[in-house]
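Please keep the sequence and the model in view while working through the numbered points.

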Amino acid sequence: GKIYVQDRMREHGAQLWAWLEEGAHFYVCGDASRMAKDVDAALREVIAKHGGMSDDRAAAYVSHLTKEKRYVRDVY
């Protein structure tokens with residue numbers, strides 16, 4: 001079966017969260033209509049779950065990453 005990046009993100013969510021907290025940058029490139037939306041949703045889920053945040057707080061965290069240019073989307 002197919003394995004999607006968002007599945008791996010959820011599978012390794014604790015590590016992804018640790019990287020973000022350590023200053024990692026997160027880049028998404030590809031299909032805006034499906035893949036990018038699914039990856040964005042998975043990122044928010046990982047942040048909420050592993051950061052112990054509400055959905056609104058996780059969204060604010062993602063906005064902060066975007067403003068810092070640590071979350072960049074090159075989608076088409």
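A residue is called buried if its relative accessible area is under 20%, exposed if it is over 50%, and partly exposed in between (1.4 Å probe, protein chains only). The model is predicted, so local features need pLDDT of at least 70 and side-chain atom pairs count only at pLDDT 80 or more, while totals for chains, interfaces and linings use all residues. Residues are numbered from 1 along each chain as its sequence is written, and side-chain values use heavy atoms, with hydrogens and water left out.

1. Lysine 69. With a relative accessible area of 61%, lysine 69 is exposed. Its place is the loop between helix 4 and strand 2; helices (H or I, at least four residues) and strands (E, at least two) are DSSP runs, numbered from the N terminus. Most residues other than glycine have a negative phi. Lysine 69, although not a glycine, has a positive phi of about 60 degrees.

2. The paired strands. How many bridges join strand 1 and strand 2? Strand 1 (residues 26–30) and strand 2 (residues 71–75) pair in the parallel sense over five bridges, where pairing requires that DSSP finds at least two bridges between two strands. In a regular strand the side chains alternate between the two faces of the sheet. In strand 1, Phe26, Val28 and Gly30 form the covered face, and Tyr27 and Cys29 the uncovered one.

3. Arginine 73. This residue belongs to strand 2, and valine 28 stands opposite it. Its relative accessibility of 38% makes arginine 73 partly exposed. Neighbours within four places in sequence aside, arginine 73 is in contact (heavy atoms within 4.5 Å) with Val28, Ala36 and Asp40. The C-alpha atoms of arginine 73 and glycine 30 are separated by 8.5 Å, and the two residues are 43 residues apart along the chain.

4. The aromatic pairs. A pair of aromatic rings is described by the distance of the centres and the angle of the planes. Rings of Phe, Tyr and Trp (its six-membered ring) pair if their centres lie within 6.5 Å; planes under 30 degrees apart count as stacked, over 60 as edge-to-face and the rest as tilted. By this rule there are two aromatic pairs. In one, the rings of tryptophan 17 and tyrosine 61 have centres 5.2 Å apart and planes at 45 degrees, so the pair is tilted. Because tryptophan 17 lies in helix 2 (residues 13–21) and tyrosine 61 in helix 4, this pair ties together parts that are 44 residues apart in sequence. Both tryptophan 17 and tyrosine 61 are buried.

5. The pair between the strands. Phenylalanine 26 and tyrosine 71 also form a tilted pair, at 5.7 Å centre to centre and 50 degrees between the planes. Phenylalanine 26 lies in strand 1 and tyrosine 71 in strand 2, so the pair ties together parts 45 residues apart in sequence. Phenylalanine 26 is buried at a relative accessible area of 12%, and tyrosine 71 is buried at 4%.

6. Helix 3 and helix 4. Helix 3 (residues 35–51) and helix 4 (residues 55–67) pack at an angle of about 115 degrees, with their axes 9 Å apart. Axes are lines fitted to C-alpha atoms, for helices over the stretch in contact, and angles run from 0 to 180 degrees between N-to-C directions. Among the residues that make the contact are Leu43 and Ile47 of helix 3 and Val62 and Leu65 of helix 4.
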